[in-house]
Amino acid sequence: MLPVNSTTSVFTTFLVTGIPGLEAVHIWISIPFCAMFFITLVGNMTIMTIIWRERTLHVPMYLFLAMLAASDLGLSLFTFPTMLRIFWLDARELTFTACFTQMFFIHTFQDFESAIILAMAFDRYVAISRPLHYSSILTNSVIARIGLAIVMRAMIAQVPLPILLRRLCFCHSNVLSHSYCLHPDILKLSCSNTRINSVFGLFMVLSNMGVDFLLILLSYALILKTVLSIASHSGCLKALNTCISHLCAVVLFFTPMICLSILYRISRRLPQNIYTLLANMHFLIPPVMNPIVYVARTKQIQDKILKLFIKKETDES
């Protein structure tokens, strides 16, 4: 801790928090989180490997799925290890640099995921509404440009955040509300004027993930309009069936975030565990569930996974 008259801050480190009130059983709580981390690593790396190796899967739908898996993998690598350190070692202390770096990557991969889910919604819209022009609209060069635009947008939105945080003093407290560093959580601890940080952060959330969510809703409104114009009942069901996995990804990613935003603004008297639970659902559940949902519902992925393991067994024998 620095002296009070320091020109930078009173505190020199932050303390992340486990699950409030359950500190005595952290070692037992770590078991499901460790299992979730393992499933996330294996599931997303398997999807990325299968799509990378199989040229027949180098089509827009699966290329976007590989991007989603990479984003989920990155998000999990900057959240789960910090939580497991708390549960196993009670290691809660993070330097400002470590905390700001973690915050940057968490929010960057959060932006990646939102934009990729939007790109996947556009992919479903083109596949259903203009199937004959699908391959000519979503060419490899278009997908590469979409990927580059996603990265550039996230960089523009997130690079200023740690820079703006550097100018703040932190003297109220150094105990964060979550198990990892998040921008709104860090701002609450500052005793400086945080108006610029708050306005910029809110603007970026609304202009990125807020706009993404509205465009996803628009995409599905257009998809529904197209599907309802199909005369065949079986054709309608087949078209909608191709969207189920993506709809699960939308629900898993956006529902906890929207609930958390509403609760923060409507009621601040709820137990901290409620906010912690919703934050964990938003950042931890999608990386675990997305590969499970896509593998369970995508026969091509299932077949390629079986082919990969059968080939390994044949080579070993």
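User: Which residues make the contact of H1 with H12?

Analyst: Phe33, Met36, Ile39, Thr40, Gly43, Asn44 and Ile47 of H1 meet Leu284, Ile285, Pro287, Val288, Pro291, Ile292 and Val295 of H12, where contact means heavy atoms within 4.5 Å. The contact has 11 nonpolar, 3 polar and no charged residues (Ala, Val, Leu, Ile, Met, Phe, Trp, Tyr, Cys and Pro count as nonpolar, Asp, Glu, Lys and Arg as charged, and the others, Gly among them, as polar). The model is predicted, with pLDDT of at least 70 needed for local features and 80 or more for side-chain atom pairs, while totals for chains, interfaces and linings use all residues. Residues are numbered from 1 along each chain as its sequence is written, and side-chain values use heavy atoms, leaving out hydrogens and water.

User: Why is H1 called oblique to H12?

Analyst: The axes of H1 (residues 26-53) and H12 come within 9 Å and cross at roughly 50 degrees. Axes are lines fitted to C-alpha atoms, for helices over the stretch in contact, with angles from 0 to 180 degrees between N-to-C directions. Under 35 degrees counts as roughly parallel, over 145 as roughly antiparallel, 65 to 115 as roughly perpendicular, and the rest as oblique. H1 is therefore oblique to H12. Their crossing is left-handed (the near helix is turned anticlockwise from the far one by less than a right angle; clockwise is right-handed). Helices here are DSSP runs (H or I, at least four residues), numbered from the N terminus.

User: What makes H2 roughly antiparallel to H4?

Analyst: The axes of H2 (residues 60-77) and H4 (residues 96-129) come within 9 Å and cross at roughly 165 degrees. That angle makes H2 roughly antiparallel to H4. H2 passes H4 in a left-handed crossing. The contact of H2 with H4 has 15 nonpolar, 3 polar and 4 charged residues. Among the H2 residues in this contact are Met61 and Phe64, and the H4 residues include Met120, Asp123 and Arg124.

User: In which hand does H4 pass H6?

Analyst: H4 passes H6 in a right-handed crossing. The axes of H4 and H6 (residues 140-158) come within 9 Å and cross at roughly 145 degrees. Phe112, Ile116 and Ala119 are among the H4 residues that meet H6, and Ile150 and Ala154 are among their partners in H6. This contact divides into 11 nonpolar, 4 polar and 2 charged residues.

User: How many cavities of 30 Å³ or more does a search of the whole structure find, and what lines the largest cavity?

Analyst: The search finds 1 cavity of 30 Å³ or more, and the largest cavity has a volume of about 80 Å³. On a 1 Å grid over the protein atoms alone, a cavity is a set of points where a 1.4 Å probe fits but cannot get out, a pocket is an open set with protein on both sides within 12 Å along at least five of seven lines, and lining residues have an atom within 4 Å of a point. Volume is the space filled by probe spheres set on the points, which are joined across faces, edges and corners. The cavity is lined by Met61, Phe64, Met120, Asp123, Arg124, Thr242, Ser245, His246 and Tyr294. H4 gives the most, with 3 residues. By class, the lining has 4 nonpolar, 3 polar and 2 charged residues.

User: Which residues lie closest to the centre of the second largest pocket?

Analyst: The second largest pocket holds about 270 Å³ of space. Of its 13 lining residues, Met61, Asn241, Thr242, Arg297 and Gln300 are closest to the centre.

Note on methods
Helix = DSSP H or I, 4+ residues; strand = E, 2+ residues; numbered from the N terminus.
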